[in-house]
Amino acid sequence: MNTTPFNTLIQTFIGNIPDAMRLSSRLCDKAKALDFLAPLLIRLYLAPVFWMAGTKKFASFSDTAEWFGNGDWGLGLPAPYVLVFLVALFELVGALCMLLGFATRPICLPLMVIMAVAAVTAHLQNGWLAIATGSGIFATDRTVGAIERLERAKEILQAQGDYEWITEHGALVVLNNGIEFAATYLVMLLALFFLGGGRFVSADYWLRRRYGID
């Protein structure tokens, strides 16, 4: 079998890779005018997340502190009242900073610590998934068991309740409470730490311009 045409095709393809990479790079570079959108959208995504988390902690301060400090059914953390106050405060301040793009990189540091501690203390034992599924690479015996119970619950509701009304605004799921959300927020904060608040649409950008800070 004559493999010369095939070899020629492969060599031509390999030889064109540098030109293709340069063309791709030039095309992507043209999008740099819109590079402020990425940090802006991350900030606008995270702002309500931290605002809701902080306000919820302050609204149920004592209950949250008991959960933080209790070693039997909670996290077993020291100085729970102080920790709840600090975490909630950083979350609220962080939400405002995200919204305004002010002190974006510094505020990411305590928020990343909060997410890392939350992932390890409150979520890690539940695995990766935030919502339980019965299959997939992240499914565990815990989530498979949860789905079995969910299916049974659906059968009971369909037989004895108004299932269409119950599920009118969304499907029934089981909260697995794994590290998925905490890890996602941590990655987004890490990206913001390196990207900053973004050009044009952050207070940081205009303050740097005002004071000539590179």
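A crossing of two helices is called left-handed if the near helix is turned anticlockwise from the far one by less than a right angle, and right-handed if clockwise. Helices here are DSSP runs (H or I, at least four residues), numbered from the N terminus. This is a predicted model, in which local features need pLDDT of at least 70 and side-chain atom pairs count only at pLDDT 80 or more, while totals for chains, interfaces and linings use all residues. Residues are numbered from 1 along each chain as its sequence is written, and side-chain values use heavy atoms, with hydrogens and water left out.

**Stop 1: helix 2 and helix 8**

Select residues 37-59 for helix 2 and 180-195 for helix 8. Their crossing is left-handed. The two pack at an angle of about 135°, with axes 10 Å apart; axes are lines fitted to C-alpha atoms, for helices over the stretch in contact, and angles run from 0 to 180 degrees between N-to-C directions. Helix 2 and helix 8 are therefore oblique to each other (under 35 degrees counts as roughly parallel, over 145 as roughly antiparallel, 65 to 115 as roughly perpendicular and the rest as oblique).

Now show side chains: in helix 2, Pro 39, Ile 42, Arg 43, Tyr 45, Leu 46, Val 49 and Phe 50 meet Tyr 185, Met 188, Leu 189, Ala 191 and Leu 192 of helix 8. Contact means heavy atoms within 4.5 Å. This contact brings together eleven nonpolar residues, no polar ones and one charged. Ala, Val, Leu, Ile, Met, Phe, Trp, Tyr, Cys and Pro count as nonpolar, Asp, Glu, Lys and Arg as charged, and the others, Gly among them, as polar.

**Stop 2: helix 5**

Next, select residues 104-123, which form helix 5. Its buried residues include Ile 107, Leu 111 and Met 115 (buried means under 20% relative accessible area, exposed over 50%, partly exposed in between, with a 1.4 Å probe and protein chains only). Among the partners that the buried residues of helix 5 pack against are helix 3 (61-69) and helix 4 (80-100). The crossing of helix 4 and helix 5 is left-handed.

**Stop 3**

Pick Phe 102, in the loop between helix 4 and helix 5. Phe 102 touches Cys 97, Ala 203, Asp 204 and Leu 207, leaving aside residues up to four places away in sequence.

Then go to Asn 177, in the loop between helix 7 (163-166) and helix 8. Its phi is near 60°, a positive value in a residue other than glycine.

Finish at Phe 200, between helix 8 and helix 9, where phi is near 70°.
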